[in-house]
Amino acid sequence: MSYRFTHFHRLLFIAVGIALAPAAAVAAPPASVADSSARQFERDVRPVLLASCTGCHGKQSPAGGLRLDVPVPADKASEIVKRLNGDGGAAKMPPSGNLAAPKRDALVAWAAAGAHWPASSITKPIDAKAAQKHWAFQPVRMPAVPKVKAKAWVRNPIDAFILSGLEKRDLSHRQRRAAEI
Ligand code: HEC
């Protein structure tokens, strides 16, 4: 009896071990190098380029002929490093000098590594004006309560929206039960 009991436990241990092994493997997936550099670019580099550089290095008359809102030619990488550090006598970038050290460091590290633009990233520059028209950025407004035919059925403004939808589609609403009225 006791032998069978311990034997059962051993089997149970093995079974649980087998069951948990893949879970452990899933919990810590080996992040591919490309993945992590793309993530780093989106987190540390692109937002800084957009906030501090593309105002002058965007689509419209890019300063010095350099765009920083789309993939950067690899041969510009060392010039970017120089301009960020203010080396070589040319104007330091950004000209305002207004770039916090950690942000500058992130850009320098990115450019020094070749100014690689991950293929997975969105290369289309964001059109800020168009983006502002998205409904999520609109102020909350009270919409006009729609006019309906069966006014007697409406007890609150939400009813009016529902009823107007029904009436538009020529659908009828249920009569309220006596207890509801
Ligand atoms: C206020 C406008 C402005 C901002 C903001 C700005 N730049 Fe510039 N940038 C210029 C002008 C103008 C030139 C061309 C004159 C020159 O070469 O100094 C230039 C030139 C450059 C060049 C040299 C291009 C070449 O091919 O010779 C680099 C590299 C550069 N900028 C990088 C940056 C980076 C990186 C940022 C953001 C951190 C930035 N710039 C922000 C105006 C700006």
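My entries follow, from the overall fold down to single residues.

Ground rules first. I count residues from 1 along each chain as its sequence is written. This is a predicted model, so I note that local features need pLDDT of at least 70, side-chain atom pairs count only at pLDDT 80 or more, and totals for chains, interfaces and linings use all residues.

Fold. I found six helices and zero strands in the protein. Helices here are DSSP runs of H or I with at least four residues, strands are E runs of at least two, and both are numbered from the N terminus. Along the sequence I read α-α-α-α-α-α.

Burial. I looked up how much of the protein is buried: 10% of its 181 residues. Buried means 20 or more other C-beta atoms within 10 Å of a residue's own, with C-beta atoms placed from the backbone.

Core. The largest nonpolar core has 12 residues, among them Val45, Leu84, Leu107 and Trp110. Such a core is a set of buried Ala, Val, Leu, Ile, Met, Phe, Trp, Tyr and Cys residues joined through C-beta atoms within 7 Å. Helices H2 (33-52), H3 (77-85) and H4 (101-112) each give two or more residues to this core, and H4 has the largest share, three residues.

Contacts. Leaving out residues up to four places away in sequence, I see Leu107 touching Val45, Val48 and Leu84. A contact needs C-beta atoms, placed from the backbone, within 7 Å.

Last stop. Just after H6, I noted that Asp170 takes a positive phi of about 60 degrees.

How values were computed. Contact = placed C-beta atoms within 7 Å.
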